[in-house]
Each structure stands twice: as structure tokens, then as C-alpha cells.
Amino acid sequence: MDFGDSPEEAEFRARLRAWLVDHNPGLPASSTDDDYWAGQAAWHQSLYDGGFFGLSWPADIGGHGLPSVYDVILDEELAAAGAPPRPSLGYLVQGILHHGSDDIRRRFLPGIVNGRDRWCQGFSEPDAGSDLAALRTRADRDGDEFVITGHKVWTSYSDDAEWCLLLARTDHEVPKHKGISAFAVPMRQPGIEQRPLKMINGITKEFGEVIFDGARVPAANMIGRPGEGWPLAMTVVSHEREPGELGFVGRYKKVVKELTEQVRRDPLRHHPGAVRDLGWAIVEAEVLRLHVCRRLSDRLDGIEHGPAGSIDKLLMTQVEQTVGHAAVSIGGSGTGGGDDTWLKVYLYSRAQSVMGGTSQVQRNLVARRILGLPDA
Amino acid sequence: MDVRLSPEQQALRDSVAQVVGRLGAKAVGQLDDTERAAKLDAAVTAAGWRELRTASDAGTPWASAVEVAIIAEELGRGLADVAFLGPTLAAELRRLAGTEAATDAETVALDPSLVSIAIATDGESLGDEGAVAIDAAGARAALAVAIDGAEERIARIPLHGDRVEVDLTRPSVRVAGAVEAIEGGSLEPEVLGRWLALGLAITSAELVGTMRGAVDLAVDYAAQRRQFGVAIGSFQAVQHLLADAHVAAEGSRAVSLHAAWAVDALPVSEAMAAAALAKAWCARAARTVCETAIQVHGGIGNTWECLAHVHLRRALLSADVLGGADTNLDRVLAHQGLPHRLEMR
């Protein structure tokens, strides 16, 4: 049992640290700002071109084939340098990697990994949130194509995306979990209407509605077999619950570092209670980092995560919301005017207990699948 | 980086769990069974678990703090009424001070708040306030610090005094009066820092075990207790309490192991910071988890006969030893160069 770097890990860390000196794009304090998103694609590509993205993914899709623990080093160093967190799209990669044919993987994964193709995820619908399998968007076969009709919501960065990983119903005769298929849908085509939604912190990129009305997707873009959409969705959401996949440790540590520096510059300006809020944010961000070390070490055994991802999601949510509270305790909520950076971070943190499956759903899963408690 | 337990560490964990499973108390009434407790103590003695931090010929401990933490976690999980924390800290203090190993069973004496080791400021006596020898079952004496001119040395105080049994599994003894000097071994500040890191790491691991034991107890009860014709564990309100408790316990495991690893692997200030961070988190989490275990048991949970309060009581002591959530949050803030309320000794 060793939390320290192996010689190879130490070499990687040193190389990354040196690279960051010249390549930190200096994006806004948080990833919860539209200005951040304007620069995110360039940051993704720069990180990839530097050889620091897709560390644990296979080489044939542009990854580096390294053990997953390298991602912890990446998150730590990005935060320590004040650089933006790594792009959070591992869950899309995992979904396509696990369920796509060789052809699908070859066509789509390199572009996701290298950041040249932008992707969004078309899962939730107005009437299919926590009950995702109730989705009604349909894909109807028409020759070599499917025609998509339906309404997706909470589709992040949909207006930037070239591609959408879409869940749609292809079989209406079977039980709801069985009739769903997944597609890689090109987003730049007629029959797709974008309706950006404004989040409570004022940003417009994170949430969008997408209306599909006669959009077309080649049948060859189906990911997995017909009806494999539900297992694929479960793969995606289970990875979406894992902070190690998302790189969120880097995001939280970056905020905590900036708040810490703010207090050090002017220690007497801050109420002792606010400093203690920051203290707990420091503690919890580190607790999450170490928990991720444990999870990613477990993967050295080839353990795949099932319901344990719900534990990680709940822990990650607690940490993000503690960090959010520290942000307004130290940085101020902007109610007296001035900088609203920390207000945005705080308000954004409220979404963490909803996105990727609400905390209530996660608790149901922990109670039933892990603790073995009976269904009602 | 590879934070999986080695096969040897897994075997150690399993063997502690087996001993505690065989000889630990399964019900409150069994805590009075002195014959059983003596067998448990004998098994721990035979296994040598209390000797892991005594000095080998090279002066290094026989095992790393990770092994110590593994043992502490399992003892905590099974509510083992056997001395471990106190003797281990006494052995570490003697090892770090470079003195001879103890000839009889020892523990350590802490100041009455339990936040730091007891100090005879005049070099001779612990004064009116006295001190508290923790985890004192079977111990003949407790180690404290005596100021001798500009030097700090370890000293010994015999155990005569009132027992304190807030933790029903680990009695403390109030001690006061004269301390006996121990030959050799002055304590550098660095030494006490390392010792504190070990103490915080052990108590954090203890708390992780306590949380796991409390969650198991409450989950078993929720699955079996029926109301409205169904198991209460089928109600979401109960499920969510238990899910949160499980997340707190699972979330504590890595930070606690990291603290233990840091004791022997990092410079002393880093080791202390890692330990304080783990202890702050574990102390706060453990109280909530044990409270949840009581709540899930309903009325029964508020009776002496239910084991839930034994977990809570054990958590209270483990939290208080060398400082709980507040003190250790201050240590974290101090390490970060942030304002804090710690009176650094």
C-alpha cells in the first residue's frame, strides 16, 4: 500500500508540471462560467496535444494506456498550477468503448478523445428524468437511416456539439427498458432545434433543450445492438457518477486553492466562521482525492464499478456543495455588488445533487444494491 | 501509487476480524464476561499486535503505521474490549525517545481534555489537574512528558485512581501526583509531532471501524424489525439515513489509510497535517453515523441493552483522544497558513 509516486509516476508528474508552466490557458476561476466554455475546446486540444489527456484509455483511440491512477496525478497538478480541470467526458468514452463495434469505436472515439469533435449527451427528457427508461424520443427506420422525433432536455453544450450520443426508442412492443437504442447523431442538420436554457447562476451553455423533428441518422451510427441503449446508458451514468472519471477533484481543489490564497492575502478580513467553512472544504476535497486514489487503485485488479459509483457520487456531491458554501463564505455572494465569480460557483454546486442521477436516487441504489435493504 | 492492501495486510485484517469475531462482545451483557475478555486479551498478546511499534534492533518499528491502523479499524468495528491504542502509543513514545522497552504493561496519560499528552511542567508532578490514562485495561503505568530544564523527557506515572468508563470497552484511569523519570530519551519536538501523527492515524482508523460496525448493526436491525407489516428497512426515509451513514464510513477509509501511510512515509509536518485532516473528517462523520444507528433502532436504540450506544461511546473517546473535529480542523488551517485557534505547544 503506497500513496507515493512510483519512479514512472514521478517522472510523469515532473513532465506535466513543466508543461503547465507554459500551457495554462488562464481561464476563469471556475468551469461554471460561459467564458470558461468559450476556451474549453482549445484547452482540451492543448492538453491532448501535450500528451496529457486520455491517460488511461487505449492507445488506438488516442489514449495512453496508463493505469487509471495517473488521472489522480493529472487532477492534482492541474489544480496546483491553477489550470482548468480536465474535460469531463470519460463517461461518453466509456459508453462507446464498452458497447460500440470496432467500426463505431474507430470512427468516433479518436475525435472525442483529441477534442476535435464536440459531443453532447441526449438522455433526459421532460417526462423522463430519474425515470430515464420512460423516454419517448423515437427513432424510426427509413431505409439506411433512422428518423428521430422527440424532445431532449438538460443537454449540456448541445449548441456547440457536432455529435450527440442519443437514446431513442426503436421498439414500442417490448418493456420500456428493452426498446431503447443508442445513436451517434450528427447535430449540424435540419430537423434539430436548439433552445438554450439559462441556469440559476446565469450561464447558458450547461443546460439546453433540443427538439428533434425529422433529423436523420445513418443506421450505421447505431451504437451497440438494437435494444442495447439501456445497458449503454447504465454504463455511461455509472461512470458519470465517478469523480475519477470526471476529473472533478481538480475542479474542487482549484477553487479551494484560490479561496485559500484569498484568505492568506488578507486574513483579518474574513470571519472565523467563514475560515472554518474553508477548512472543511479543504478537508473534504482531500478526502475525495484520496477516495479516488482508492477507487482507481482498485481498478488495477480490473474491478469494474457497479453500484459503488453511487457512493462516489454522493461523496462527490457533498464535497462540491461544501466547496460551494466556502466559496460564498470567503468570496462573498455578490449581493453588495462586485465580483460574482463565487456566487456562480456556489449556485452551480446545487446542480451536483441532481445531475447524473439525483442524490435521492443514489441513496435508493446504495440502500438496495449495496446494503441489501428490501424494496418497498 | 497503489493503495490496495497487500496480501499480507489483507491477511492481517482477516485475522484480527476473526479473533474479534470469536472473542469480542456480541451483546452489552457480554461486556461483563471477564473470562471472555481475558481470552481476547490473551489472543491479542499472543498475536503481538501491541508490540508493532516497539523498536527493532535498528530502532525502527516492527510494522508500519498502516498495519497498526488495519488492526485498530477491525478492533473498532468489533467493539473489542481490549487494550491497543494506549499500549501502542506508549511503545511508540519509548521508541521515538530511544529508551528501553517497557518491562510491564503501559499506556499513555493525556491532559484532562485529552487533546495532548500530559505534561509535568515542573518535571516532578502532574499537579492538581492531574491527567487521564487512556485505554488502561491491564496497564500498570502510563507515560507522560516531564519538563527538565530546557528538555522534555518521558516519565512514568503509576496507575492508581478513579476509573472513567464513558467508553464501555476501554476504561480510562484518572491519575495525579508525582511522575517517575525514565532513563535516557529526551523528546525533540519532531518526535512528539511524529507521535501525534500516529495517535491521530490510529484513532481515525478506530473511528472508521466504529462507523462500519455501527452501520452493520443498524442495517441488520432495519432488515429484521417490522412495522406496518413490512421491514422498516424498506422505507426510503430509513434507507436514506443508512445510505448516508454508509457513504460516510466508506468515504473515511481512504483518508484514514493515507494518514497511517503518511506517519512513516512523509516529513513530520506533512504527516501531522495528513493525520489531522483524517481525524477532523472521521471524528465528525463517526458521531453522525453512530447517532444514525441509534435512531434506526428507535426506542430500543435508547436503551442500555442495545449495542448502538456502545459504538457511540467508543466513537466519543476515539474522537476526543488527541483532539476531535474542531482541534484538528484548526491543525489543518494552521498547516495551510490560515487563521486558526490553536495554541501551539
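This report looks at how chain A and chain B meet, and at a pocket lined by residues of both chains.

The model is predicted, so local features need pLDDT of at least 70 and side-chain atom pairs count only at pLDDT 80 or more, while totals for chains, interfaces and linings use all residues. Residues are numbered from 1 along each chain as its sequence is written, chains are lettered from A and ligands numbered from 1 in the order in which they are written, and side-chain values use heavy atoms, with hydrogens and water left out.

**The interface.** Contact (heavy atoms within 4.5 Å) involves 50 residues from chain A and 45 residues from chain B. The two chains bury about 4400 Å², 68% of it on carbon and sulfur atoms; buried area is the accessible area (1.4 Å probe) that two parts lose on being put together, summed over both. The rule finds 6 salt bridges across the interface, each a side-chain nitrogen of Lys or Arg within 4 Å of a carboxyl oxygen of Asp or Glu. B:Asp326 and A:Arg276 form a salt bridge, with the closest N and O atoms 3.9 Å apart.

On a 1 Å grid over the protein atoms alone, a pocket is an open set of points where a 1.4 Å probe fits, with protein on both sides within 12 Å along at least five of seven lines; lining residues have an atom within 4 Å of a point. Of its 32 lining residues, the closest to the centre are A:Lys253, A:Glu286, A:Arg289, B:Glu270 and B:Gln336.

| Class in the pocket lining | Residues |
|---|---|
| Nonpolar (Ala, Val, Leu, Ile, Met, Phe, Trp, Tyr, Cys, Pro) | 15 residues |
| Polar (the others, Gly among them) | 5 residues |

Methods: Helices (H or I, at least four residues) and strands (E, at least two) are DSSP runs, numbered from the N terminus.
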